[in-house]
Amino acid sequence: SAGQWNNNQYNATVSQMGQLPPTDKRIPGLFRKAFSLWLKALPVIPLNQRPTPVVMNNAYWTGWPTAKSDFASPAAWTQYFHEVVLNLKPAS
């Protein structure tokens, strides 16, 4: 999370979104709710770039970096993203 920001309502909303399939019609409303909470708190004030969440799941590919296995940044624009790609395996 941005700067270790913690908000229980935001966390619950994002967690609920994470349990839904990508095509679920509830996602846009949940996203708006989470983004509204984020904007009210504004835990990050971008000075030179916009904050961009990097969202991953294991629906199609496994082996993404996690908090326990933080071997590379999951952001595709970093110089080490090839390490992420080389670590991915098709989900079963």
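Guide: Buried means under 20% relative accessible area, exposed over 50%, and partly exposed in between (1.4 Å probe, protein chains only). The model here is predicted: local features need pLDDT of at least 70, side-chain atom pairs count only at pLDDT 80 or more, and totals for chains, interfaces and linings use all residues. Residues are numbered from 1 along each chain as its sequence is written, and side-chain values use heavy atoms, leaving out hydrogens and water.

Visitor: What elements does the protein hold, and in what order do they run?

Guide: Three helices and two strands. From the N terminus the order is α-α-β-α-β. Helices (H or I, at least four residues) and strands (E, at least two) are DSSP runs, numbered from the N terminus.

Visitor: How do you know that the span of helix α2 agrees with its number of residues?

Guide: The expected span is 1.5 Å times one less than the number of residues. Helix α2 has 15 residues, 27-41, and should therefore span 21 Å. Its end C-alpha atoms are 21 Å apart, which agrees.

Visitor: Which residues of α2 are buried, and what makes them line one face?

Guide: I27, L30, A34, L37 and W38 are the buried ones. Seen down the axis of α2, they fall within an arc of 100°, so they line one face of the helix. That arc is taken over the directions from the helix axis to the C-beta atoms. On the other side of α2, R32 and K40 are exposed. Helix α1 (8-18) is included in what covers the buried residues. Just after α2, L42 takes a positive phi of about 40°.

Visitor: Why is T13 called buried?

Guide: T13 has a relative accessible area of 2%. The limit is under 20%, so T13 counts as buried. T13 lies in helix α1. Beyond its neighbours within four places in sequence, T13 is in contact (heavy atoms within 4.5 Å) with L30, K33, A34 and L37. T13 and L30 are 17 residues apart in sequence, yet 6.3 Å apart in space, C-alpha to C-alpha.

Visitor: What makes the pair R26 and D24 a salt bridge?

Guide: The rule asks for a side-chain nitrogen of Lys or Arg within 4 Å of a carboxyl oxygen of Asp or Glu. R26 and D24 meet at 2.8 Å, N to O. The structure holds one salt bridge. D24 is buried, because its relative accessible area is 16%. R26 is partly exposed, at 48%.

Visitor: Which residues form the nonpolar patch on the surface?

Guide: F31, F35, L39, L42, I45 and L47, with about 660 Å² of accessible area together. A patch takes residues with over 30% relative accessible area and no salt bridge; like charges are joined within 9 Å, nonpolar side chains (Val, Leu, Ile, Met, Phe, Trp, Tyr) within 5 Å. Areas come from the Shrake-Rupley method with a 1.4 Å probe; for residues, only the protein chains shown count as cover.

Visitor: Why is F35 called partly exposed?

Guide: F35 has a relative accessible area of 40%. F35 sits in helix α2.

Visitor: How many residues does the protein have, and what share counts as buried?

Guide: There are 92 residues, and 17% count as buried. The accessible surface comes to about 7400 Å², with 57% belonging to carbon and sulfur atoms.
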